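Subject: The structure we talked about, with notes

Dear colleague,

Here is the structure that I promised to hand over, and below it you will find my notes on what turned up in it. Please read them with the structure open beside you.

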Amino acid sequence: MVFVKRSARDLIISKTPFLAVLAALALLPLLGVGGYWLDVLTRVNLFLLVTLAIDLYSGTTYYLNLGISFTFGFAGYALALLNVYYSIPTEYSLLLAIPISVFFSLVILLPSLKIRGVYFAILSLLVPIVYIGIVTAQPFSLYLGGEGGLRFKQLFLDFARSLPSDVRLVFLQYSYYYISLAAAVIGYLVAYKIGFSEFGFMLRAIGQDEELAEGTGINTLKVKIIGYLISSSYVSIAGALYASMRPPVTVDLVVPANTLIPPLTSAIVGGLGTVVGPTIANYLLLLTYELMWGFIGRWRVIVYMLLLITIIVIRPQGLIFKIYLDLKKRLRGVLRE
Amino acid sequence: MSEILKCEEITKKFGGLTALNKVSFNVDRGEIFGIIGPNGSGKTTLLNVITGLLKPEEGRILLDSKDITNLKPHERVKLGIARMFQGMRVFPYLPVYLNVELVARAVYGDVRLARAKTSWALTMSGLLPEAGELPTKLTPYKLRMLEFARILVSNPKVALLDEPFAGLTSGEAETMIDLVKKFNSLGITFVVVEHKLRYLMKIANRVMVLNQGVKIAEGKPEDVVRNPQVIEVYLGVS
């Protein structure tokens with residue numbers, strides 16, 4: 001019917017850009033990219049998980065979850081608390097922090113899943129704001145580190161100390177980079193699989209007409225909860241990994257301007273619900289922002305924001321995915337010739 | 001004939017407005033039951049209550065003798081209630097086949113069975129050539145057929161059609177009538193809400209008339225249209 005099997009040639013053409021980018025990213029450290037830029041790329045890789053989380057849930061259901069920065073930061077705080085107060089090594093705290101963060105974000109935001117439209121967005125935005133208030137106010141600030149944050153041993157630090165001093169930093173940088181890259185690649189492949197699976201189409205059906213979806217047999221609440229759980233898992237993994245590599249954890253992790261706006265912008269400019277578009281946008285936008293520093297210094301904030309506003313106003317349904325499709329079409333044409 | 005759908009004393013209020021006031025009726029297995037009434041009489045609200053999208057303040061709904069009043073809409077679909085919505089509602093950015101297949105997956109669970117049923121429903125409604133298209137490219141008639149395919153795929157006990165002839169030419173409406181009759185003869189019971197009495201009269205075995213949320217008449221179509229109260233509601237004279 002519609003389930004057309006693609007030819008091997010088509011399959012190669014469609015996978016070539018992905019494999020080429022993956023190979024390039026994997027080889028970057030071996031080609032001499034290190035220091036600041038490897039650090040930036042590690043951050044961008046982890047932010048991809050947040051971008052995909054937004055794309056998978058908000059990009060399909062149009063339930064705009066602005067509480068993502070809470071989940072991101074909470075995963076970091078959970079890791080730090082386990083390490084500082086229970087003396088659990090960072091490597092294990094990292095693994096434990098992920099389900100804890102997913103659980104708390106579900107418990108806190110679950111009641112709001114019954115609310116539709118803009119009210120859900122407003123309610124979800126309140127969560128990180130309240131959390132910031134809690135972290136910085138006594139008596140909680142005594143335990144959570146207040147504005148100075150919680151200090152703990154960063155990931156693999158004990159092992160790095162056993163290495164010669166001249167390779168310690170390189171080891172930490174490389175291992176963080178490859179962990180973040182592995183997380184980004186697995187995250188992308190899983191997101192693609194989910195986004196275009198039957199479950200993904202149910203999420204899209206909810207976004208297009210929730211009442212119709214419910215009236216035609218879809219258990220919309222169940223689908224929304226599972227979708228939210230998947231999305232929260234992505235953000236929790238990103239938050240816990242990010243925090244484990246950059247102690248101390250501070251409220252900066254929970255501030256929406258730091259950990260919500262960049263991936264949200266990538267998801268919108270990339271083309272909501274397309275997976276590929278937001279992924280490309282995540283790398284393109286975040287790396288462009290870093291590159292602009294070398295050319296225009298502090299002016300980059302204004303120029304970058306103006307650029308984003310212009311793109312979103314001109315093409316609110318996303319720009320990058322459209323460009324990607326056009327280029328793919330051309331590439332296919334060239335290869336056929 | 002045995003009852004397949006029974007509504008008892010259904011009352012639905014929106015704030016101070018009583019949209020349905022103790023409405024009771026039975027639908028027999030295998031019949032085509034029509035519901036008519038002027039705008040705002042509560043017809044669509046009644047369908048929303050039957051499908052579970054609205055919860056009534058009072059009353060009970062029985063499907064095949066099972067009380068479904070407190071069930072969620074998706075649970076009712078699985079038990080055999082299907083619905084064609086007013087105003088051609090489809091998922092505009094999902095291909096035609098997925099519009100139908102998602103219903104099949106929800107009802108049957110099994111992928112192979114769902115796909116087989118989807119192919120069958122699309123064939124029956126003449127949509128197989130457009131299976132991969134987006135609904136935004138379909139004509140109003142084809143959109144109606146898509147909604148019809150969505151009903152067929154779940155093999156319902158009762159199909160609720162909300163103004164199925166709206167937006168169709170007379171020729172297309174006749175085709176829809178033939179389809180309803182065909183699948184009625186194959187065992188699907190239909191409840192049809194319709195403004196266009198001339199079409200409803202051709203297919204309905206019985207008709208109920210609502211006015212301002214109250215049932216004012218019920219019976220055979222030819223008797224109902226002669227009812228003085230019905231004439232007054234529709235024409236403003238008795």
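The domain assignment of chain A gives domain 1, residues 34–254, and domain 2, residues 260–337, where the bounds come from an automatic or database domain assignment. The centres of these two domains of chain A, taken over C-alpha atoms, are separated by 22 Å. In this model 19 residues of domain 1 of chain A are in contact with 16 residues of domain 2 of chain A, and two residues are in contact if their C-beta atoms, placed from the backbone, lie within 7 Å.

Before going further, please note that this is a predicted model, in which local features need pLDDT of at least 70 and side-chain atom pairs count only at pLDDT 80 or more, while totals for chains, interfaces and linings use all residues. Residues are numbered from 1 along each chain as its sequence is written, and chains are lettered from A and ligands numbered from 1 in the order in which they are written.

To return to the side of domain 1 of chain A that touches domain 2 of chain A, at least two residues each are supplied to that side by α2 (35–61), α3 and α8 (165–195) of chain A. Helices are DSSP runs (H or I, at least four residues), as strands are (E, at least two), numbered from the N terminus. The largest share of that side of domain 1 of chain A, eleven residues, comes from α2(A).

Chain A as a whole has 16 helices and zero strands. Its C-alpha trace spans about 60 × 50 × 40 Å along the principal axes. With 337 residues, a compact globule would have a radius of gyration near 20 Å, and the 21 Å of chain A agrees with this; the radius is taken over C-alpha atoms, and the globule rule is 2.2 Å times the number of residues to the power 0.38. Buried residues make up 42% of the 337 residues in chain A, where a residue is buried if 20 or more other C-beta atoms lie within 10 Å of its own, exposed if 12 or fewer, and partly exposed in between, with C-beta atoms placed from the backbone. Of the contacts in chain A with a separation of 6 or more, 76% are accounted for by residues 24 or more positions apart.

Next comes helix α13 of chain A, residues 261–270, in which I261(A) is found. I261(A) is partly exposed, with 15 other C-beta atoms within 10 Å. Just after α13(A), G271(A) takes a positive phi of about 115°.

Which residues make the contact between α3(A) and α5(A)? Two packed helices are described by the angle between their axes and the distance between the axes. The axes of α3 (residues 68–86) and α5 (residues 118–136) of chain A come within 7 Å and cross at roughly 40°, the axes being lines fitted to C-alpha atoms, for helices over the stretch in contact, with angles running from 0 to 180 degrees between N-to-C directions. The helices α3(A) and α5(A) are therefore oblique to each other, because angles under 35 degrees count as roughly parallel, over 145 as roughly antiparallel, 65 to 115 as roughly perpendicular and the rest as oblique. The contact is made by S69(A), F70(A) and G73(A) of α3(A) and by V127(A), P128(A) and Y131(A) of α5(A).

Finally, the contact between the two chains takes 17 residues from chain A and 26 residues from chain B. On the side of chain A that touches chain B, α9(A) gives the most, with six residues.

With best wishes
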